[in-house]
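Please keep the sequence and the model in view while reading.

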Amino acid sequence: MSWTVPSVTAALVGTVVLTTVYWYMYRQHRERFMGIWAVSWTIYAARLVFELLLQTRHDATMVLLGHQLTTLSSGILLLWGTRVFLGKPMSRWMGYGFVLVAAWIMSGVFNHFSWRLLNLPTFTFLGLIYIWTGTVLLRCREIDGLGKQFTGWGFVLWGIHKANYPFLAPVTWLAPWGYLIATILTLVVAAGTLLIYFEKIRRILSASESRFRMLAENAQDIVYRYRFTPVRGFEFVSPSATKIVGYTPEEHYADPDLVFKIAHPDDIPLLQDIRVLTGLNKEPMLLRFFRKDGTMVWTEHHNVPIYDENGNIVGFEGIARDVTGRKKAEEAVRESESRFREMLENLQLVTVILDLQGNIEFCNNFLLAITGWERQDVIGRNWFDTFVPPDSREKYRQFYLDWLSEINDPPYSLKENEIMTRHGELRRISWTTTFLKDPHGNITGLACFGEDITDRRQAEEALKRYELLSKHAADIILFFRRDGEIIEANDAAVKMYGYSREELLKINIHNLRAPQSRALLSEHIKQAENRGILFETFHQRKDGTIFPVEVSLHSTVLGDERVLFAIVRDITERKRAEETINHLAYHDPLTDLPNRLLFYDRLTLALAHARRSGRMLAVMFLDLDHFKIVNDMMGHAVGDQLLKDVGRQLKGCVRSDDTVARIGGDEFTILLPEINRAEDAAKVAEKINQTLKKAWILNGYEFHITTSIGIALYPNDGEDADTLTKNADTAMYRAKEHGNNYQFFNPSMNLKAIERLEIELSLRRAVEQNEFEVYYQPQVDISAGKIVGVEALVRWNHPERGQVLPIEFISVAEETGLIIPIGEWVLRTACAQNKAWQQAGYPPMRMAVNLSAYQFRQKQLVETVARALRETGMDPRYLELEITESTAMQDVEFTIAMLRSLREMGIRIALDDFGTGYSSLSYLRKFPITTLKVDRSFVRDVLTDPEDAAIVATIITLAQILKLNVIIEGVETEEELAFFEQQECFEMQGYLFSEPKPAGEIEKLLQKAAAVYEKGLKSV
């Protein structure tokens, strides 16, 4: 056992050597049979690996199976490779033999045949293959020498050895010698194979060298080989060198630097560049040489490098061809082409050559100049995609292709068309074209020559347009000489001046001017000759009428004469329009009173005069009280008529030098210059109040109008227009607040305005910092003795002023738009609180939330309410929205639509402050409301004023008839409570029951009411 393993290993090494030899030969020659043999010996090496494993694992069935199959497979592949070497296909009988032996192996391995019995068919089959292969090689005539003998006899002896393997292998002392013999035979076959390879290479090289020399000796081109090492110089130069460069091969051998001596000086750098010289750049090398007779020859060289065994370049070999004739022909063509191209480049015609697809092969400088392109940007691009306008590209492309296919004259649309410049401008081109053909008569493209007729066409179009404009223009067009003689006039001139054409051409331009403007004509002509002039003047018709004109006068050339060219426009209507526009710019279009702009101009002038004279002046700011009611009830047309009438009445109350202006809406201002004392302004204010106090009959209805007037005096209340007007406005607001008809300005009023501004700024901060709180005032049913609802009232917890009541900030919130976020927050908070009370177990009750007029006018009100209900989960039937009567009457149609949308959601609607507005019973019937709330102004005097008592009783009766719920607001005494009980009106709210309280205190009232109610039930 100890000798067997080394001997098998030695056999494995010999097999690896043989395998390497065959793989090397296959890579060198790529012959199929060598590749098959290489695979065969690779498998045989695997067979020896299995043999080594069998020396240590005798009971390994799979190893034994692998040993047998690899032995059989290597043999059948060797047989196949030999058949391929002979040029014969594989015999099917060999295949049958392989299948039978493989079946025997499978059966023997799994049935535990003896070693000798198992190996007998395998190695007998393998031995016969080896003997046959060796015999084939010995009889082969294509190979000869010692290598043939080594390889052939090695295979024969190896086959005999394999055939005896089943009988010798079981002999323990003989087995190692058998493996060693196999190793020796493997090496013999490897050596023989290498000898065959070397012999074949020698014969190939000898034949190649013989053929090379034969070809080189007879070649018309120079064939050469040049070495850098070990000795620099030519190793071979063919005889054709004598004919081409005039120097014999022997002269090249004798002088290694000959090529440098006869080369053109400009080409020596190429000979010094190893990459170019040895052909590593894969490009042919063009060189010029001087022959012995002094003439120059062009040669084209194709070189390849020569490498040594280490891969270093040691020289090069190549072929040189005489291309002098070709270079002369190319030079002639190039010179001819250069002259032709120069001619085309300088031709003042668009010149372009297109291929069959319309791609640009050539274009001249004229085309580039008129289109703005660079040559490198257009060569190779498609003509239609580059120069044809986008909307015409496909049409002209198809014309071009159809034209080339039919070989006819071009369509008319191709003879004259537009091209597009690089910047998108269009040029008109008239084309002349000709086909380009190859030597066989086939069309290869098109040469196009075009004349740029853009300017000519534009001039023709301009002339046509001028003729049309001249004939049909509404403006007068005149041509006249410097002395005024008219030489051309259009139809408009004939029509405007009233002269016939013949008469116009006989009169002087001076006669067309109005007498008062003729003196300026010579000056206008002088300015027109210098730079042109635009001016206004007056002209005169044949009948003597004078009309204003605007003249554009220029100098021009007509024929060969410099004349004057005038465009005259009648500006009569424009002057009238300017007067109208100027009046409208300074007057109110409704009342025709001065507007704000004219009022300020007059006030500024009056102030300047007052400063010089030391006199006083007064500025009055007027506002009509409750004018919006007139607009809402009677419509804007009636309201506009009222404003006109008020404007006329105001003008009648002041002096002719005073100014009454309307500055917007129902606001008027009055300027009283040069007054002596404040009482003068007061008298005017009283006069205005008395005048406007009368009854106004509008559309059959009687109205009474009052005004609020603010008065500011110069210099006491301000020294400039802005200050006086602002202070008068401030005084007017104070008069409106206090119900006075007029009020003089005093500095304390500014403090009020500053306080309002502070409220606005604090209010914005309060919205951001959530300084608001909702209080709730109970609504009770005295007949049932329980709380049936609460009204949500917002309070502002100011960080410095403490709690601020709504009356102090709601108006500011509405003016600034802050009422929207405040109102949404109150609505959401109230709904959430009501839902919380219901979840706490208190009986459901309605939650009343006030909507300001500004909130009610928001188009998204319905969505805002729906979102609050959705987010808080409150049932809509417990929400009651309150709007005032005046809010409802601002836009009745809008109010009805909005209230219906809210009622469709299940929400209750209460009309607050009922009785203080101007609603009629018909509107009350149309409004989809559920509740009337009687204003506290009636409740306060119901016990002392019979009229108020009658009004309240009527309201209650009216609500009962309309089946509306009634809530009495502001009940504060037991006597008032008793009065309303007599009227059978039982729902009330007021301080008699509870003042507005925070949610926590209201919850205590609910707890107390629930306890009383439960106690009453128990007593029952």
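The sections below go from the whole chain to selected residues.

## Basis of the model

The structure is a predicted model, in which local features need pLDDT of at least 70 and side-chain atom pairs count only at pLDDT 80 or more, while totals for chains, interfaces and linings use all residues. Residues are numbered from 1 along each chain as its sequence is written, and side-chain values use heavy atoms, with hydrogens and water left out.

The term pLDDT denotes the predictor's confidence in each residue, from 0 to 100. Its mean over the protein chain is 81, and 78% of the residues reach 70 or more. Confidence is lowest in helix α19 (residues 412-415), with a mean of 58, and highest in strand β26 (residues 846-850), at 94. Over residues 1016-1020 pLDDT stays under 50, and the model has zero contacts beyond four places in sequence for them; a contact means heavy atoms within 4.5 Å.

## Overall architecture

The protein chain contains 41 helices and 31 strands. These elements are DSSP runs numbered from the N terminus: helices are H or I with at least four residues, and strands are E with at least two. Of the contacts in the chain with a separation of 6 or more, 57% are between residues 24 or more positions apart.

Of the 1020 residues, 44% count as buried. Buried means under 20% relative accessible area, exposed means over 50%, and partly exposed lies in between (1.4 Å probe, protein chains only). The protein chain exposes about 53900 Å², of which carbon and sulfur atoms supply 55%; accessible areas come from the Shrake-Rupley method with a 1.4 Å probe, and for residues only the protein chains shown count as cover.

Helix α27 (residues 636-652) has 17 residues and reaches 24 Å from its first C-alpha to its last, close to the 24 Å expected at 1.5 Å a residue. The expected span is 1.5 Å times one less than the number of residues. The buried residues of α27 are Val638, Gly639, Leu642, Leu643, Asp645, Val646, Gly647 and Leu650.

Helix α25 (residues 596-613) includes Leu597. This residue is partly exposed, with a relative accessible area of 46%. Leaving aside residues up to four places away in sequence, Leu597 touches Ala585 and Tyr586. The C-alpha atoms of Leu597 and Ile663 are separated by 8.6 Å, although the two residues are 66 residues apart along the chain.

## Aromatic rings and charges

A search of the whole structure finds 20 aromatic pairs. Rings of Phe, Tyr and Trp (its six-membered ring) pair if their centres lie within 6.5 Å; planes under 30 degrees apart count as stacked, over 60 as edge-to-face and the rest as tilted. The rings of Tyr226 and Phe234 have centres 4.8 Å apart and planes at 85°, so this pair is edge-to-face. Tyr226 is buried at 5% relative accessibility, and Phe234 is buried at 14%. The rings of Tyr742 and Phe744 also form an edge-to-face pair, because their planes stand at 85°, with centres 6.2 Å apart. Tyr742 is partly exposed at 24% relative accessibility, and Phe744 is partly exposed at 24%. Ring pairs link Tyr224, Tyr226, Phe228, Phe234 and Phe316 into a cluster.

Charged side chains also meet rings. A charge sits over a ring if NZ of Lys or CZ of Arg is within 6 Å of the ring centre and within 35 degrees of the ring normal. The charged end of Lys327 sits over the ring of Trp298, 4.6 Å from its centre, and that of Arg541 sits over the ring of Phe547, 4.1 Å from its centre.

## Backbone details in loops

A cis peptide bond joins Thr229 and Pro230, with omega about -5°. Pro230 lies in the loop between β1 (222-227) and β2 (233-237). Another cis peptide bond joins Tyr714 and Pro715, with omega about 10°, and Pro715 is found in the loop between β21 (707-714) and α29 (721-738).

Lys282, a residue other than glycine, has a positive phi near 60°. It occupies the loop between α13 (274-277) and β3 (285-290) and is exposed, with a relative accessible area of 71%. Asn770 has a positive phi of about 55° although it is not a glycine. Asn770 lies in the loop between α30 (748-769) and β23 (772-781) and is partly exposed at 48% relative accessibility.
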